[in-house]
Amino acid sequence: MRDDDPRLPSSPGFWRSPLRGPWFTSVLGIVLLVGITVLFVTGLVSYAAYNPDLARVNDQTPDKGILGFYLFAWPTNPYWLYRVTQGLHVTLGITLIPVLLAKLWSVVPRLFALPPARSLAHALERISLLLLVGGGLFEFTTGVLNVQLDYVFPGSFYPLHFYGAWVFFAAFLAHAALKLPTAVRSLRRRREERGEPVPRAPQPGELVSPRPLPPTVSRRGALWFVGGASLLLLVTTAGQSIGGVLRRTALLAPHGGADPGGGPNGFQINKTAAYAGIDAAETGEEAWRLVVTGRTGTVRLSRADLLRLPLHSSALPIACVEGWSTEDQWWRGVRLRDLAALVGYDGDPPDLFVESLQRRGAFRRAALRANQVADPRSLLALYVNGEALSPDHGRPARIIVPAAPGVLNTKWVARLTFGEL
């Protein structure tokens with residue numbers, strides 16, 4: 001068979017949809033240019049929120065090298081920062097899925113075009129396109145699986161998604177630089193939409209079919225269909241981050257890993273006490289002791305000892321990497337900076353290393369920066385919404401810090417070690 005045989009994918013005549021064309025592809029490309037840039041930035045921000053440069057236990061990608069050049073100390077203000085940035089990241093990622101799939105469909109003839117490279121510029125474009133397609137499918141697939149708590153991919157989500165994002169975005173920028181001038185010209189010159197003839201023969205990989213099938217929908221109609229699919233995903237996802245009455249519309253969003261029940265402790269959770277291997281006997285008031293270590297030594301505090309210390313309240317949400325978050329909950333407990341003062345840090349408190357009774361799963365230990373410890377809203381919480389913590393919410397005590405990812409708000413706290421990390 002010849003390359004121009006219409007039975008071959010490398011032939012322009014093989015692809016017969018009348019919808020494909022520079023204008024249709026360019027509109028989708030411009031949407032993705034903006035959307036994926038926001039996704040990449042919010043993803044990097046999410047990684048910075050884990051404070052990976054603070055301590056090894058926080059770093060899920062220890063071999064990141066120069067890719068961690070931008071990391072900074074994560075702030076505690078505004079207290080809803082992580083809830084907004086991660087909610088935007090997950091919601092936008094899910095909303096862009098129809099746009100991404102439509103864009104890949106619109107350029108699929110170029111993936112089969114022969115010869116593989118007609119020039120250096122064409123070779124670079126083909127390489128960037130292959131990396132873009134593979135990277136895009138990988139990033140969106142692993143992201144959706146993660147937010148739905150389906151960890152079926154090999155290895156840890158964090159390094160896979162982190163390194164995949166850099167590969168994908170590098171290919172995305174290269175492809176955008178090569179194709180943006182063409183996209184802008186296509187948006188300005190809509191010759192095909194006016195029915196004007198194209199004065200050159202179609203080439204392999206050409207988007208406009210030389211023998212299109214009769215149209216059943218216009219290109220504008222196809223864009224409306226893609227936009228409607230994205231809107232549907234937005235409506236059925238965003239409520240888990242926005243909260244309020246919209247939470248009921250979030251049919252496709254993650255709702256946490258278990259039913260939290262009702263009452264003051266009736267808000268989302270990912271890990272139950274049973275999953276974490278928490279033994280009820282060791283969390284009882286008679287058995288449990290909090291070990292606090294610092295410059296002047298170690299103190300052991302029972303729950304009764306903690307209740308004799310000054311108690312404070314903070315209204316803070318729980319925001320998780322999967323994109324869901326709670327409303328502001330009323331937490332009550334002992335300030336972390338007051339606990340630091342018990343072991344010799346009367347002035348500005350240092351960093352904090354937190355260890356949990358948790359036996360299984362990630363983030364059994366976590367590190368917090370000095371600015372997080374010093375914030376007066378940062379607590380070792382004993383109560384939530386006027387009631388003692390339930391076992392699934394961290395009884396007998398848990399960390400709550402403004403703007404911190406949910407996994408750094410350690411539950412079932414056993415030991416606090418203050419000092420430079």
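View A. The model is predicted: local features need pLDDT of at least 70, side-chain atom pairs count only at pLDDT 80 or more, and totals for chains, interfaces and linings use all residues. Residues are numbered from 1 along each chain as its sequence is written, and side-chain values use heavy atoms, with hydrogens and water left out. Strand 5 covers residues 352-356, and strand 6 covers residues 365-368. Helices (H or I, at least four residues) and strands (E, at least two) are DSSP runs, numbered from the N terminus. The two strands run antiparallel, joined by 4 bridges. Two strands pair if DSSP finds at least two bridges between them.

**View B. Strand 5 also pairs with strand 10.** This pairing is antiparallel and has 5 bridges. Strand 10 spans residues 413-418. Val354 has Leu416 as its bridge partner there. Strand 5 is mostly covered, with 4 of its 5 residues buried. Buried means under 20% relative accessible area, exposed means over 50%, and partly exposed lies in between (1.4 Å probe, protein chains only).

**View C. Five strands form an open sheet in the order 2-1-10-5-6.** Its pairing is mixed. Strands of a sheet pair through backbone hydrogen bonds, either parallel or antiparallel. Strand 2 (297-301) and strand 6 are the edges, each pairing on one side only. Neighbouring strands are turned against each other by 15 degrees on average, direction ignored. Axes are lines fitted to C-alpha atoms, for helices over the stretch in contact, and angles run from 0 to 180 degrees between N-to-C directions. Strand 1 (residues 290-294) is antiparallel to strand 2, with 5 bridges between them. Val292 finds its bridge partner in Val299 of strand 2.

**View D. Helix 1 packs against helix 6 at an angle of about 25 degrees.** Helix 1 holds residues 22-49, helix 6 holds residues 219-235, and their axes are 10 Å apart. Helix 1 is therefore roughly parallel to helix 6. Angles under 35 degrees count as roughly parallel, over 145 as roughly antiparallel, 65 to 115 as roughly perpendicular and the rest as oblique. The crossing is right-handed. That is the name when the near helix is turned clockwise from the far one by less than a right angle; anticlockwise is left-handed. Helix 1 supplies Trp23, Phe24, Val27 and Leu28 to the contact, while helix 6 supplies Arg219, Arg220, Ala222, Leu223 and Val226. Contact means heavy atoms within 4.5 Å. The contact residues of this pair divide into 7 nonpolar, no polar and 2 charged. Ala, Val, Leu, Ile, Met, Phe, Trp, Tyr, Cys and Pro count as nonpolar, Asp, Glu, Lys and Arg as charged, and the others, Gly among them, as polar.

**View E. Helix 2 meets helix 6 at roughly 145 degrees.** Helix 2 covers residues 81-95, and its axis comes within 8 Å of that of helix 6. This crossing is right-handed. Thr91, Ile94 and Thr95 of helix 2 touch Ser230, Leu233 and Leu234 of helix 6 as the two sides of the contact. The contact residues divide into 3 nonpolar, 3 polar and no charged.

**View F. Thr25 sits in helix 1.** Its relative accessibility is 7%, so Thr25 counts as buried. Beyond neighbours within four places in sequence, Thr25 is in contact with Lys103, Ser106, Val107 and Leu207.

**View G. Ala388 belongs to strand 8 (residues 387-388).** Ala388 is partly exposed, because its relative accessible area is 27%. Leaving out neighbours within four places, its contacts are Asn265, Arg303, Leu382 and Tyr383. Pro310 is 78 residues away along the chain, and its C-alpha atom is 17 Å from that of Ala388.

**View H. Asn51 and Pro78 mark the loop between helix 1 and helix 2.** Asn51 has phi near 55 degrees, a positive value in a residue other than glycine. Asn51 is buried, with a relative accessible area of 0%.

**View I. Pro396 lies in the loop between strand 8 and strand 9 (398-400).** Its bond to Arg395 is a cis peptide, with omega about 15 degrees. Trp412 is in the loop between strand 9 and strand 10. Trp412 is not a glycine, yet its phi is positive, about 55 degrees. Trp412 is buried, with a relative accessible area of 0%.
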